[in-house]
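Here is a quick tour for anyone meeting this structure for the first time. Have a look at the sequence and the model, then read on.

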Amino acid sequence: MNSELLDRRQVLRLAGAGLLGACCARWLPALATAAAADPRRRRSCILLWMAGGPSQTDTFDMKPGHNNGGPFQEIATSAPGLRFSEHLPQLAAHADRLAVVRSLSTKEGDHDRGTHLVRTGQPPMGPVAHPSIACALAKELATPAQSLPAYVSVAPPQQVSPAAFGPGFLGPSYAPAIVGSQPPAPATAVQSAPQANFVDLTLDDLDLPAGVSELQAARRTQLWRAWEDKFLALRHDAAFHAHHAIYRKAADLMRPEVRAAFDLKQEPEETRRRYGPGVFGQGCLLARRLVERGVPFVEVALGAGGLGWDTHQDNFTQVRRLSAELDAGWATLMTELQQRGLLDSTTILWIGEFGRTPAINQMTGRDHYPQAWSCVLGGGGIAGGEAYGRTSADGMVVEENQVGIGDVLATLCAALGVPPDHENITDAGRPVKLAEGTAIDALLA
Amino acid sequence: MADRIDAVLEQQARRQGVTPSAAATDAEFLRRVSLDLAGVVPRVSTVRAFLADDAPGKREELVDRLLASGGYANHMATTWRNRILPHGADAARGREAAALQKWLRNRFAENLRYDNLVGGLLLATGGDELGPALYFQAHDVAPEKIAASAAELFLGLKLHCAQCHDHPYANWSQREFWGFAAFFARVKGPEAMGAQSAYRLTDLHAGEAKLPASGEVVPPRYPGGEVAPEDAGVTRRAQLVLWLTSRDNRYFSRAAVNWAWEHLFGRPLAGSLDDIMDASEKTPNVVLLDALADYFVASGFDLQELWRTLTLTRVYQRSSRSSGEAPPAELFARMLPKPLTAEQLYDSLLLLAPQRDSAAAGPTIDATGQLEEDARRSEFVRRMRPPPGDPTAYRAGTLQALLLMNGDAVNAAAAPEASSLLGALEAPFMDDQERIEVLLLATLARPPDAIERSSLAAALAECRDGAERRQVLSDALWALLNSTEFAFNH
């Protein structure tokens, strides 16, 4: 009898042929062009999640000359009449592709409840485990042939409303693939590597377990295949074959040329620098790499560690710092998507769980404020260069075109070419719409 | 009763020209019934002893042993907890969920009558008795949510569709739904929750269920029955439990045995109980369900007796293989494979790699009184567990496969230095053939066949030293733990 399960020479041959070897990056520049030109290409979505609730008054709905306005100045943008904070200068150059919603009004002023409301379109504690809009949209936008996950999330908050970040009744196969959940390794005193200043982002469980060599992994796979072939040849249950297919897909994701999507070291140092060295900046760079490869949904959080935008104290120092990070990552992302012809098929939503009080409190901070706040849509399917809705001179109330969170989510769906009233069915047989509001026509290109 | 089940289902198969699958082997039966009743694969020593045993009654003895084990109580508690809580509710309330687990476990361990078990749950007051109140808490102490859940769990009725409008395909009116909800309208949770105070439920003397549109008060009324009389001496919940758990309430006993059947066979004996009530002609499966329900009532709602009866039928002891096309599932002419639940998977892996740094293996398998759960297990379950649905469908995705391929749970079991199984294979008196056999017995609960033996033996023979052999054994174990055969109960 020969060794059917394990052939050492075969393993070595596989290793030599590059299946296990280092990836070569020559084909990368052609990638984006191919992606943009593919007629079957569906749209992608990038959600920029601002954990803690960003201050609209200091970013996209400024109140210069009013007591509530604070010390920041407005600057002109590439869109006539649309003005941003002075701390978003690079983003201002892309304003013609951005639409600011200044009339968002919601009813949840608590981090958990607000996060749940904004991300699922539903207040928490209902009978249905609602999926995050990200999971639901990724499900609609995904293509079966895709090796990479349909929804990659960079460093989401870990503590606030976990349900709002998950797939709910859709089931764990629609859960996000999370990168950067481990805190980045502390910077070492001796930084010998040229890119030691940049955060690296890795996907959970994508790496081989510690102590398992690639040769060993190949042997495991060989053994596994032999075992599977033997079993499945005699068993025809669909569930057995579904199990096997999911493993093949996971193994596919581990292939060097596929997982290379997560290897930011393949990018020139200058590019990585433009995005900013932190989790958000490098997350935006990863978003661009994933969208280039056809991933339909990427989320990048800013301020997730400790709810950075929750600026009850010392608002202006913190918002200035966060704005710098936001500006570099987001603007570079817009630039690079545009250069690659991908901006027209990629819709971006910038939003947090609520806004912040226009009035400045005694600790130079701003508190939670869901009554009148802003979010920003941009890129594919969005009519940019405009502000929709208006708040009063003091920023306290919506004076024109008030919208709810359902309307914003419906607009996002519509911009992506997904009908907002598409229904998923819960396990109890109840149909649930992707978004319950009405898409805002004025914002759709 | 077991004979009657076999007779009815075999006659049906014959009538439809279906040949039932062959009897399951001892090894297949052992792994199946261990997973179904105790939630884990059998240990190597158990497999060996069972396969070597010639006694004719060894399957009955095995079932008795499993029903008496701590694994049974714990597995039933896990199954019930997942059943009665909304999906994901326990993740947010770890301490209460652990308490509920303990509360359920004690009841299954003493084989409390099923009617008393359900009654105790629905009459929970919390306070000193932490645990069952979580059922109410997780449903927000909202009468309509508790009513919808209780009707489905304990009556087999999908009344919740009638919450907003009359039921589209069964005879439940909106008024009947709210009449049922009225039994829970006077249960109230605590006003404010302190961090330390226990969650206490109280029964008030006021509180009504109202139709959503008109606001009309609906008096408490038993589904398909009468309006409950006003009785100041008894709480509404107690009135309901008295009716619900009565011997004469066929909804209650049918729902119980239909659930038990689904637990073992992967699909209920009779599909939707809503429809049964209206059907003019009963299908053979419904007739059988009724007989089983009567049997269950006559046994004194004895759950262990029910498991004993069902697992000793020929129907349960059929192979999951079928020659040719699969027969219609409602004939139960072969066993349907079920993916292991997240808990079955984790606990089975844990058997192979007991964690040395904590007593975690203790509470999960042989429960003690502590109220903290193994955090790694909870996290594994959170990432693996699909929402309620068809128990025979495989519903995980690539991330779950990655977790199993590269995550800690499998690799702790398969790593040469951590795995207690691989450690045992180091014993000097073992030769390669014995090592291969142990690997298979520990994972698939069956001895290897000739091909498996010879190919693994060839691989081991090529090894130059002990370290290399350990490596190959570790890789083979990894492959087995990730195999489709391991991932299912079949």
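## A first look around

Chain B has 26 helices and six strands, where helices (H or I, at least four residues) and strands (E, at least two) are DSSP runs numbered from the N terminus. This is a predicted model, in which local features need pLDDT of at least 70 and side-chain atom pairs count only at pLDDT 80 or more, while totals for chains, interfaces and linings use all residues. Residues are numbered from 1 along each chain as its sequence is written, chains are lettered from A and ligands numbered from 1 in the order in which they are written, and side-chain values use heavy atoms, with hydrogens and water left out.

Of the 490 residues in chain B, 58% are buried; that word means under 20% relative accessible area, with exposed over 50% and partly exposed in between (1.4 Å probe, protein chains only). Take the contacts in chain B with a separation of 6 or more: 70% of them come from residues 24 or more positions apart, a contact being heavy atoms within 4.5 Å.

**A helix in chain B.** Helix α13 covers residues 250-265 of chain B, and its end C-alpha atoms lie 22 Å apart, which agrees with the 22 Å that its 16 residues should span at 1.5 Å a residue. The expected span is 1.5 Å times one less than the number of residues. Because 14 of its 16 residues are buried, α13(B) is largely enclosed by the rest of the structure. B:N249 caps the N-terminal end, with a side-chain oxygen 3.1 Å from the backbone nitrogen of B:Y251. After the helix comes B:G266, with a positive phi near 85°.

**A strand in chain A.** How many residues of strand β8 (residues 346-352) of chain A are buried? Seven of its seven are. Strand β1 (residues 44-50) of chain A runs parallel to β8(A), joined by seven bridges, and A:I46 stands opposite A:I348. With β11 (residues 373-379) of chain A, β8(A) pairs in the antiparallel sense over four bridges; there A:T347 faces A:G379. Strands count as paired if DSSP finds at least two bridges between them.

**Where the chains meet.** The contact takes 59 residues from chain B and 50 residues from chain A. About 4,800 Å² is buried between them, with carbon and sulfur atoms giving 62%; this is the accessible area (1.4 Å probe) that two parts lose on being put together, summed over both. Six salt bridges cross the interface.

**Salt bridges.** Side chains of opposite charge can pair when their charged atoms come close. The rule used here asks for a side-chain nitrogen of Lys or Arg within 4 Å of a carboxyl oxygen of Asp or Glu, and it gives 60 salt bridges over all chains. Here are some of them.

| Pair | N to O distance |
|---|---|
| A:K230 and B:E452 | 2.8 Å |
| A:D61 and A:R102 | 3.8 Å |
| A:D344 and A:R97 | 3.0 Å |
| B:D290 and B:K282 | 2.8 Å |

A:D61 is buried at 6% relative accessible area, and A:R102 is buried at 15%. A:D344 is exposed at 51%, whereas A:R97 is buried at 17%.

Terms used:
Polar contact = N/O pair within 3.5 Å; in protein donor to acceptor, adjacent residues only side chain to side chain.
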